[in-house]
Amino acid sequence: MENIIIIGTGCAGFTAGIYAARANLNPLILEGKQPGGQLTTTSEVENFPGFPEGVDGFMLMDNLRKQALKFGARIQNTYVDSVRLDDSKKVLNAGGKTIEAKAVIIATGAAPRLLGIPGEKEMYGGMGVTTCATCDGAFYRDMDVVVVGGGDSACEEALFLTRFCSSVTILHRRDKFRASQIMAQRVVDHPKINVQWNTKPEKINPGEDGKVKSISILNLENEERSEIECKGVFIAIGHVPNTEFLNDALPRDENGYLIPKTNSSVLTSIPGVYVAGDCADHVYRQAITAAGMGCQAAIEAERWLAEKSA
Ligand code: NAP
């Protein structure tokens, strides 16, 4: 039986791995469908403390990974399908195999939310609809693209896309950005970016080649419908926590976020089971807060395991 399994390799998972490994717990970290988590699809991270010039998201995650390995953590690429969690034993079903552990830290993060409009799924990935400008932006060199959303992600994606694209149109459903002031100002000031406020995307339309040709929109103020010609649609409307696999093993809120025990951000109602990062945090959702939760969860697990074996 494993001492401790950490599910997830984002900031929360790797930080938990570093702490658990340094505590000689020989942790096993399970890497899911997106190794390195959300930051691997971010270009420049400007707000992670200790990097005054900013740091490349992929590099930051690669460094966290190396740091966890350096202290003895083991990393395995396995997707957990289901779990059975109780006080004495935690059983994970992953890729047809069963793994047992004394303690588990759930740090599975969140995945991009989609609009659910016609054409989105059909043209997702390679056909013009994407959720990652860092990954796909360069494919849209000298083309017109659309970004949907009004948060920091949408602004960041739009700014990144200006490096390649002829024009970037942001569609936002309200008349004010949710993004931080500094990001919003950069977007508004950028000569290549045009913002269409109070706008709801209704349908993504294919051309003869099956790839994105345009997006149909509704102006929520005057209820007029129109179409914007574009080659790419970048969706940046937030995230959905990756907690489906837990079913009802742990309490979740109506949006799927794990609900920690009262007065704690990482403890759960099951001794030896901890949560960390975006799968359990719908308020802060920052790389640094996820890392902080990973640290807390590992320290709690270490103390619980020590008490149990005393
Ligand atoms: P977010 O802050 O939740 O923003 C999501 C945006 O999408 C909102 O503007 C929302 O509109 C819009 N939206 C949601 N559902 C929609 C729908 N069905 N149709 C159309 N629009 C929809 O998510 P985020 O931008 O991914 O950011 C998540 C967190 O990460 C935030 O805390 C953010 O500050 C942080 N972050 C930081 C950085 C950075 O500092 N470099 C970069 C990226 C993200 P409403 O505004 O009307 O709700």
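Thr199 touches Leu171, His172, Arg173, Ile217, Leu218 and Leu220, leaving out residues up to four places away in sequence. The model in which these contacts are found is a predicted one. Thr199 belongs to strand E14, which covers residues 199–206. With a relative accessible area of 3%, Thr199 is buried.

Helix H1 spans residues 11–22. The twelve residues of H1 should span 16 Å at 1.5 Å a residue, and the C-alpha atoms at its ends are 17 Å apart, which agrees. H1 is mostly covered, since ten of its twelve residues are buried. These are Cys11, Ala12, Gly13, Phe14, Thr15, Ala16, Gly17, Ile18, Ala20 and Ala21. An α-helix has 3.6 residues a turn, so residues three or four places apart point the same way. The buried residues of H1 pack against several elements: strands E1 (2–7), E2 (28–31), E5 (74–77) and E8 (97–106), together with helices H2 (57–70) and H6 (287–309). Just after H1, Asn24 takes a positive phi of about 60°.

Apart from neighbours within four places in sequence, Ala16 is in contact with Ile6, Ile105, Gly294, Cys295 and Ala298. Ile6 falls in the range of strand E1 (2–7), Ile105 in that of strand E8 (97–106), and Gly294, Cys295 and Ala298 in that of helix H6 (287–309). Ala16 and Tyr284 are 268 residues apart in sequence, and their C-alpha atoms are 18 Å apart in space.

The aromatic residues come next. The structure holds four aromatic pairs. One of them joins Tyr140 and Phe234, whose ring centres are 5.3 Å apart and whose planes stand at 75°, so the pair is edge-to-face. Tyr140 lies in the loop between helix H3 (133–136) and strand E11 (144–148), while Phe234 lies in strand E17 (residues 232–235), so the pair ties together parts that are 94 residues apart in sequence. Both Tyr140 and Phe234 are buried.

Rings also take part in contacts with charged side chains. The charged end of Lys33 sits over the ring of Tyr79, 4.1 Å from the ring centre. The charged end of Arg22 sits over the ring of Phe71, 5.2 Å from the centre of that ring.

The cysteines remain. A disulfide is a covalent bond between the sulfur atoms of two cysteines. A search of the whole structure finds zero disulfides. For Cys155, the closest cysteine sulfur is that of Cys165, and at 16 Å the two are too far apart for a bond. Cys155 has 0% relative accessibility and therefore counts as buried. Cys230 is likewise in no disulfide, and its nearest cysteine sulfur, again that of Cys165, is 11 Å away. At 3% relative accessibility, Cys230 counts as buried.

Technical notes. Residues numbered from 1 in each chain as written. Predicted model: local features only at pLDDT ≥ 70, side-chain atom pairs only at ≥ 80, totals over all residues. Heavy atoms only, no water. Helix = DSSP H or I, 4+ residues; strand = E, 2+ residues; numbered from the N terminus. Contact = heavy atoms within 4.5 Å. Buried < 20%, exposed > 50% of the residue type's maximum accessible area, 1.4 Å probe, protein only. Phe/Tyr/Trp six-rings, centres within 6.5 Å; stacked < 30°, edge-to-face > 60°. Lys NZ or Arg CZ within 6 Å of the ring centre and 35° of its normal. Disulfide = S-S within 2.5 Å. Expected span 1.5 Å × (residues − 1).
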